[in-house]
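User: Can you walk me through this one? I'd like to start with the ligand and then look at helix packing and the backbone.
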Amino acid sequence: MEYKQLEQLLKDMSLEEKVGQMVQLPAGMIAKEGLITGQVDNLHLPKEQKRLIGSVLGLTGAEDLREMQENFMAEHPHHIPLLLMYDVINGMETIFPIPLGQGCTFSPELVEQAARVAAKEATAAGLHVTFSPMLDLVRDARWGRVMESTGEDPYLNAELGKAMVRGYQGSGKGEALDLAKEGNIAGCVKHFAAYGAPLGGREYENVELSERTLREDYFPAYQAAIEEGCVMVMTSFNTLNRIPSSGNKWLMRKVLREEMKFDGLLISDYSAVDEMISHGIAADSREAAKLAILAGVDMDMVSNAYIRYLAELVRSGEVEERLVDDGCMRVLKLKNELGLFENPFKDGSVEKEMEILLCKEHRNLARKMAAKSFVLLKNEKILPLAKEANGTVALIGPYADTVDMFGAWSFPKKPELGVTIKQGMEAKGVVPAVSKGCFIQDEDKQAKVGQKDVYTEEELEFLMKEAVETAKSAETVILCLGEHREYTGEGGSRADITLPKHQLELLHRVAKVNKNIVTVVFSGRPVVISEVVEVSKAVLMVWMPGTEGGNAVADVLYGDVMPEGKLSMCLPRSVGQVPIFYNKFRTGRPNEEGTRVGFIHGYIDESIYPLFPFGYGLTYTDFVYSEVKLSKDTMTKEEAVTATVTVTNTGMRDAVETVQLYLWDVTGSVVRPEKMLKGFQKVSLKAGESKEVSFAITEDMLRFYNIDMEFASEPGRFVAYIGSDSSTKNGAEFRLV
Ligand code: BGC
């Protein structure tokens, strides 16, 4: 449709119709047979209102969505199609590793490819928009939603966020944005802003951050994805410095619209508009609607607010109609960009679904990405395992033979088509002796939705004993431990992020009879696993690896794929260290050793360093770094300095290393982080091979929010570090003049 036609359509619409476009309801409220009765309809809205809505969330499937769309459009006065949205976070039916695991790949290419596959599957299943990428910076592993983020670093998050946008919207490799094209889905950057910093890691908790921290650490990834062309943004549930995001004018009108130049569709998070009543800044839903529209929310996800009160607010003169026109127009524009006026079903097709959902090509990519997301934390010469040791491997633990490795935000319709670890090993011709050992959850704890494993002491004891017997007669034990997926994700915050106590008991009981333990850890966050690392000879973090998890774990354990992942969040030693992240500030009393003696920075009873730092990850070979060489030791604003290292693979196997560049601004008008990731490169090195790796350091990489809140560099001393993780001390100094 031409823009003029859209304008004409807007003119022809009644106020109620325009407001309707700005409303999203859950699919459960839109009955298949035409409208809109309400299986889960607690809004008690009259049918006349519901038939005008602009969008539905939460249903997939080409057939169902087609029927809904047809019925809906037939009843709509202008036959305007619905925008159909869903949370496709790490895949639609082919499930990829959770985003935190994707972060560990340090691979924008793979992340883009995975998003591309997700987009193809989701559009075939009839969808138009995915609520992804989630680009909340995360530093507190207690928060359940760290699993949805690519981690703790602004630069890494920005690079991977851009990759996701390219993958979803099909604008990769210099292609212009064409959302109507087959396989392209609209992305939605969320949650704006800083939802990843709830106090104490408590879900839905308030957020207090200085403007400098917001701008320097939390905003860049959202901004990068917007600059990459992401067409939607979602608000967040949290307050930001005491103002709920969904009513925060400064955040949405100034930062998002003016500064970040976002001109796409801004949707609230689920019922976040009405939640301003609980937050205590709106007296009722009517006032919440007013706050949200004035602050800039275009579409109200699921609240009562817009659908009930927005038209009335316009009629009473409290809200200018122009604001409704703007919001409605953004919805119409997106529908038009997606080509929905011509083809309201977009790519939804039952045949296509059958053809591509979970097809071989998609599964292969999921397997490849999963393997590359695993982080090898420890290896005392036990990995890779030899396939010839057939018959002497015990596979023990509650994750040994389950497909439930999809993570908290994945809802595959055929989960049984996932691959378990046992199946992955068997596919390699290895037949392990399998024993569950215990249940995933402790009986006295429950997952967020009230599910729990129910069992008796006797049943547990039986499993433990059986596992110990299995371990006794094996040469090597692969122990598959981890937290339950429902201990993570939305509503999945935990105060104690250790592994369930029965799993630790299993570890110790097995260790008494067999020292050759390789532990594979499943989790949606950096769990505290100090004990596991101590007792095991090797530890592989596999997060929630998805559909092909079992194959990918077997690939890495048996050395068919070299581990390559690097931690996208620090792994804490103890819960008390949380929040812990690498890019922190120096104190007035630094503590190089990390353990406290006297009146210096730190704890009396714990190191200040994590168990494993951001960027850390081993493989089945060793890399040696030369000292950092600089092309010159002084740079100007116009010229770059090149920092170079030679990396040598000193081991016996070919492998890939992720070489990381960190910068430290030694003195500034405000204190500066000790290290900031500013670049990374993947280098393939054959056994014995050396390669030079160079990074150009330019003035823009040295900018920050100075004492006057200007984003600028300051002349002075800098250190360029290049190494294999964020704890590297391999640095060289230069000056900016
Ligand atoms: C979550 C969002 C999600 C939305 C729709 C909310 O509860 O915070 O991330 O996109 O629901 O499912």
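User: How far is the polar side-chain atom of aspartate 87 from an oxygen atom of the ligand?
Analyst: The distance is 2.4 Å, from a polar side-chain atom of aspartate 87 to a ligand oxygen. Keep in mind that this is a predicted model.
User: And what about arginine 145 and histidine 191, how far are their polar side-chain atoms from a ligand oxygen?
Analyst: For arginine 145 the value is 2.7 Å. For histidine 191 it is 2.7 Å as well.
User: Which residues surround the ligand?
Analyst: Leu57, Asp87, Phe131, Arg145, Lys190, His191, Met234, Phe237, Asp269, Tyr270, Met301 and Glu490.
User: OK, helices. At what angle do α7 and α8 pack?
Analyst: About 15 degrees, with the axes 8 Å apart; α7 covers residues 154-169 and α8 covers residues 211-227. Angles under 35 degrees count as roughly parallel, so α7 and α8 are roughly parallel to each other.
User: Is that crossing left-handed or right-handed?
Analyst: The crossing of α7 and α8 is right-handed.
User: Which residues make the contact?
Analyst: On α7, Pro154, Asn157, Ala158, Gly161, Lys162 and Val165; on α8, Glu216, Asp217, Pro220, Ala221, Ala224 and Ala225. By class, this contact of α7 with α8 has 7 nonpolar, 2 polar and 3 charged residues.
User: What about α1 and α13, what are the angle and the axis separation there?
Analyst: Helix α1 (residues 3-12) packs on helix α13 (residues 321-337) at about 135 degrees, and their axes are 10 Å apart. That angle makes α1 and α13 oblique to each other. Their crossing is right-handed.
User: Which side chains are involved, by residue?
Analyst: α1 contributes Tyr3, Leu6, Glu7, Leu9 and Leu10, and α13 contributes Asp325, Cys328, Met329, Leu332, Lys333 and Asn336. The residues in the contact of α1 with α13 divide into 7 nonpolar, 1 polar and 3 charged.
User: Switching to the backbone. Which peptide bonds are cis?
Analyst: Among them is the bond from serine 132 to proline 133, with omega near 10 degrees. Another is the bond from leucine 383 to proline 384, with omega near -5 degrees.
User: Where do those prolines sit?
Analyst: Proline 133 is in the loop between β4 (129-130) and α7. Proline 384 is in the loop between β11 (375-379) and β12 (393-396).

Methods:
Residues are numbered from 1 along each chain as its sequence is written. This is a predicted model: local features need pLDDT of at least 70, side-chain atom pairs count only at pLDDT 80 or more; totals for chains, interfaces and linings use all residues. Side-chain values use heavy atoms; hydrogens and water are left out. Axes are lines fitted to C-alpha atoms, for helices over the stretch in contact, and angles run from 0 to 180 degrees between N-to-C directions. Helices (H or I, at least four residues) and strands (E, at least two) are DSSP runs, numbered from the N terminus. Angles under 35 degrees count as roughly parallel, over 145 as roughly antiparallel, 65 to 115 as roughly perpendicular and the rest as oblique. A crossing is left-handed if the near helix is turned anticlockwise from the far one by less than a right angle, and right-handed if clockwise. Contact means heavy atoms within 4.5 Å. Ala, Val, Leu, Ile, Met, Phe, Trp, Tyr, Cys and Pro count as nonpolar, Asp, Glu, Lys and Arg as charged, and the others, Gly among them, as polar. A residue is near a molecule or strand if one of its heavy atoms lies within 4 Å of it. A polar contact is a pair of N or O atoms within 3.5 Å; within protein, one must be able to donate a hydrogen and the other to accept it, and residues adjacent in sequence count only if both atoms are side-chain atoms.
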